[in-house]
Amino acid sequence: MIPAITSMKNAFDLTGKNAVITGGNRGLGLGIAVAMAQSGANIAILCRDKAKAAEALDELKQYGGKYMSFDCDITDIKSVRAAANEVVSDFGEVDILVNNAGVSCFNELLNMDEELTDWYNVVNTDLNGTVHVTYEFGKKMRDAGKGGAIINIASNAAFIVNKTQPMSPYSTSKAAVCHFTHCMAVELGKYDIRVNAIAPGFFNTELSKFIPADQYEYINNQMPLHRFGEPIEVGALAVFLASPAAAQITGTVQVTDGGYILSC
Ligand SMILES: NC(=O)c1ccc[n+]([C@@H]2O[C@H](COP(=O)([O-])OP(=O)(O)OC[C@H]3O[C@@H](n4cnc5c(N)ncnc54)[C@H](OP(=O)(O)O)[C@@H]3O)[C@@H](O)[C@H]2O)c1
């Protein structure tokens with residue numbers, strides 16, 4: 001059983017915890033890496049872009065923990081298996097896993113090519129990639145016997161049909177990630193592994209720079225809180241879900257979108 005906190009002292013502290021973050025080299029993943037590093041965690045980044053990974057590690061080093069990156073393509077289970085073995089041998093046993101890596105596409109189903117390239121690319125990354133990483137790292141966490149926390153980065157697109165861009169493979173994958181979170185919370189609870197998801201809305205990342213000005217304006221106007229979020233705000237929620245303060249929380253999906261899904 002995971003013990004309850006007895007005071008708020010250190011309730012959000014991750015000191016000495018080893019966190020693996022897929023796609024931690026940029027965007028929301030880097031925001032999560034920074035927030036967890038500032039809360040005391042060691043960080044292992046899994047990604048493909050080595051140059052971006054080196055930049056992220058450079059940014060993290062000021063926080064004084066252990067920070068490493070590992071090559072991994074989450075669509076390829078053999079690549080994930082190799083990365084999981086390397087992480088455990090070179091970085092250490094895993095306490096926290098954040099399934100953050102993801103891609104999107106803006107295309108209507110009937111306009112896709114006959115191979116459904118867009119569909120399979122998104123589903124293989126956002127849904128199957130999350131499954132591959134949970135399978136390989138989940139087994140390591142189970143075998144280490146120390147429990148832990150898994151956080152899946154879904155999207156508010158799991159709950160709405162986005163009017164500004166057609167993205168059915170993305171919305172469908174993220175909806176499946178939310179229910180995968182529920183299923184894993186039940187299956188992994190006996191190992192003291194908590195599984196939760198975060199469903200972000202619109203955040204200021206490199207991707208959001210490409211949103212046309214009129215759409216940016218529309219989204220801001222629809223949102224009750226009238227601003228795009230910052231990556232560190234997703235990081236703050238991830239720190240909470242990984243921390244002792246959340247010891248009794250599993251199988252939840254936390255929406256952070258300035259209230260967009262309530263009024264879009
Ligand atoms: N930004 C938002 O407003 C927003 C809103 C809702 C949900 N989200 C979700 O938040 C997560 C991060 O989004 P973001 O905006 O930060 O995206 P981003 O800046 O485009 O970064 C995507 C990340 O995913 C990694 N990645 C993609 N495919 C991969 C693969 N096959 N194997 C390994 N890594 C892979 C990339 O690594 P490389 O650099 O190595 O390619 C990169 O680190 C995604 O799951 C996204 O769906 C974002």
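Which residues of α5 are buried? I started my notes with that helix.

**Entry 1: background.** I am working with a predicted model, where local features need pLDDT of at least 70, side-chain atom pairs count only at pLDDT 80 or more, and totals for chains, interfaces and linings use all residues. Residues are numbered from 1 along each chain as its sequence is written.

**Entry 2: helix α5.** I looked up the buried residues of α5 and found Pro 169, Tyr 170, Ser 171, Ser 173, Lys 174, Val 177, Phe 180, Thr 181, Met 184 and Leu 188. A residue counts as buried if 20 or more other C-beta atoms, placed from the backbone, lie within 10 Å of its own. These residues pack against α4, β5, β6 and β7; contact means C-beta atoms, placed from the backbone, within 7 Å. Helices (H or I, at least four residues) and strands (E, at least two) are DSSP runs, numbered from the N terminus.

I then checked the length of α5. At 1.5 Å a residue, its 21 residues should span 30 Å, and the end C-alpha atoms are 29 Å apart, which agrees. The expected span is 1.5 Å times one less than the number of residues.

**Entry 3: the sheet.** I traced an open sheet of seven strands with parallel pairing, in the order β3-β2-β1-β4-β5-β6-β7. Two strands pair if DSSP finds at least two bridges between them. β3 (67-71) and β7 (253-256) stand at the edges with a single partner strand each, so one side of each has no neighbour in the sheet. From one strand to the next the twist averages 20°. Angles run from 0 to 180 degrees between N-to-C directions, and axes are lines fitted to C-alpha atoms, for helices over the stretch in contact.

**Entry 4: strand β5.** I found four bridges joining β4 (residues 96-99) to β5 (residues 148-153), and the two run parallel. Ile 96 stands opposite Ala 149 in β5. Six of the six residues of β5 are buried, so the strand is largely enclosed by the rest of the structure. Gly 148, Ile 150 and Asn 152 are buried on one side, and Ala 149, Ile 151 and Ile 153 on the other. In a regular strand the side chains alternate between the two faces of the sheet.

**Entry 5: the ligand.** I looked up the shell around the ligand: 30 residues surround it, the closest being Gly 23, Gly 27, Cys 47, Arg 48 and Gly 102. A residue is near a molecule if its C-beta atom, placed from the backbone, lies within 6 Å of it. α1 (27-38) and α4 (117-144) are the elements that give two or more residues to the shell. The largest share, three residues, comes from α1.

Conventions. A residue is buried if 20 or more other C-beta atoms lie within 10 Å of its own, exposed if 12 or fewer, and partly exposed in between; C-beta atoms are placed from the backbone. Two residues are in contact if their C-beta atoms, placed from the backbone, lie within 7 Å.
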